[in-house]
Amino acid sequence: MIAGSLSGRYTKALFQLAREAGQEEKIGQEIDGFLGVYTGSELEKVLTNPAFGIDDRKRTLIEVSNQLKLSILAIHFLLLLLERDRLNYLPSIAILYRHRLNEAQGRVEAKVVSPGALDSVMVDRLRDALHRISGKEVVLQQETDPGLIGGVLIEFEGKVYDGSVRTQLEKMKQRIVRGY
């Protein structure tokens with residue numbers, strides 16, 4: 001089975017259960033929280049290592065989940081992934097869950113990359129402009145890349161809008177090389 005479709009099935013099932021419990025947002029936050037603790041840690045090495053017995057791995061997962069104060073639904077879901085040796089799909093499940101939740105809440109994600117931190121006025125203007133385009137609430141993620149020199153790069157609804165100085169200079173260079 002293709003990994004993407006498997007992640008999609010687990011995501012769909014988790015989202016439906018969370019929706020029935022009226023906890024869509026909470027479950028998403030819990031899965032993201034667990035993923036933050038899990039990814040690249042000793043916990044990941046233990047939970048994915050078959051040298052440790054399944055019962056020991058389950059106990060470890062439950063202990064960590066209780067420390068993180070995860071809901072029963074999130075714990076059962078993580079245990080299911082553990083039992084079926086599917087914890088390696090957790091990052092893609094978390095991403096798909098976030099997309100599903102945003103869609104259900106009438107939100108859309110966008111990413112803006114700039115050479116330095118943007119001030120709050122500029123972030124609000126970008127968010128408003130993207131809201132006018134999509135008609136949805138925009139969840140704006142900010143990143144910095146000093147290599148851009150100036151301008152911004154926006155990833156939004158599967159498209160990239162590149163207004164960076166670096167790209168403009170590269171385009172000029174190509175035009176000069178072609179003789180335009």
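The tour covers the helices and their core, then the strands, then the pocket. Bear in mind that this is a predicted model.

**Stop 1: helix H5**

Select residues 72-83, which form helix H5. Ala-74, Ile-75, Phe-77, Leu-78, Leu-79, Leu-81 and Leu-82 are buried in H5.

**Stop 2: the largest nonpolar core**

The largest nonpolar core has 29 residues. Which of them touch the most other members? Pick Ile-31, Phe-34, Tyr-38, Leu-47, Leu-78, Leu-81 and Leu-90. Colour by element next. Two or more core residues come from each of helix H1 (3-20), helix H2 (24-38), helix H3 (42-47), helix H4 (54-67), H5 and H6. H5 supplies the largest share of this core, with 7 residues.

Centre on Tyr-38. Setting aside residues up to four places away in sequence, Tyr-38 touches Leu-43, Glu-44, Leu-47, Thr-48, Leu-87 and Leu-90. There is also a second, separate core, this one of 10 residues. Val-108, Val-138, Leu-140 and Phe-156 are among them.

**Stop 3: Asp-85, after H5**

Select Asp-85. Asp-85 follows H5 and sits in the loop between H5 and H6. Is this residue buried or exposed? With a relative accessible area of 57%, over the 50% cut-off, Asp-85 is exposed. Check the backbone too. Its phi is positive, about 55 degrees, although Asp-85 is not a glycine. Most residues other than glycine have a negative phi.

**Stop 4**

Jump to Ile-149, in the loop between strand E2 (137-144) and E3. Ile-149 is not a glycine, yet its phi is positive, about 70 degrees. Ile-149 is exposed, with a relative accessible area of 56%.

**Stop 4: strand E1**

Select Ala-110 in strand E1. At 4% relative accessibility, Ala-110 counts as buried. Its contacts, leaving aside neighbours within four places in sequence, are Leu-130, Val-138, Val-139, Leu-140, Gln-141, Glu-155 and Phe-156. Ala-110 and His-131 are 10 Å apart in space and 21 residues apart in sequence.

Now select Lys-111, also found in E1. Why does this lysine count as buried? Lys-111 has a relative accessible area of 18%, and buried means under 20%. Beyond residues up to four places away in sequence, Lys-111 touches Gln-141, Glu-143, Leu-153, Ile-154 and Glu-155.

**Stop 5: Val-139 in strand E2**

Move to Val-139, in strand E2. At 35% relative accessibility, Val-139 counts as partly exposed. Show its contacts, leaving out neighbours within four places in sequence: Asn-102, Arg-107, Val-108, Glu-109 and Ala-110. Then pair Val-139 with Arg-107. The two are 32 residues apart along the chain, and their C-alpha atoms are separated by 6.8 Å.

**Stop 6: the largest pocket**

Helix H6 (90-104), strand E1 (107-114) and strand E3 (153-156) each give two or more residues to the lining. Which element gives the most? E1 does, with 5 residues. The pocket has a volume of about 240 Å³. Colour the lining by class: 3 residues are nonpolar, 4 polar and 7 charged.

**Stop 7: helix H8**

Finish on residues 165-178, helix H8. Its 14 residues should span 20 Å at 1.5 Å a residue, and the end C-alpha atoms are 20 Å apart, so expectation and model agree. Select Thr-167, which lies in H8. At 19% relative accessibility, Thr-167 counts as buried. Last, pick Gly-179. Gly-179 follows H8 and has a positive phi, near 90 degrees.

Conventions: Residues are numbered from 1 along each chain as its sequence is written. This is a predicted model: local features need pLDDT of at least 70, side-chain atom pairs count only at pLDDT 80 or more; totals for chains, interfaces and linings use all residues. Side-chain values use heavy atoms; hydrogens and water are left out. On a 1 Å grid over the protein atoms alone, a cavity is a set of points where a 1.4 Å probe fits but cannot get out, and a pocket is an open set with protein on both sides within 12 Å along at least five of seven lines; lining residues have an atom within 4 Å of a point. Grid points are joined across faces, edges and corners, and a volume is the space filled by probe spheres set on the points. Helices (H or I, at least four residues) and strands (E, at least two) are DSSP runs, numbered from the N terminus. Ala, Val, Leu, Ile, Met, Phe, Trp, Tyr, Cys and Pro count as nonpolar, Asp, Glu, Lys and Arg as charged, and the others, Gly among them, as polar. The expected span of a helix is 1.5 Å times one less than its number of residues. Buried means under 20% relative accessible area, exposed over 50%, partly exposed in between (1.4 Å probe, protein chains only). A nonpolar core is a set of buried Ala, Val, Leu, Ile, Met, Phe, Trp, Tyr and Cys residues joined through side-chain atoms within 4.5 Å. Contact means heavy atoms within 4.5 Å.
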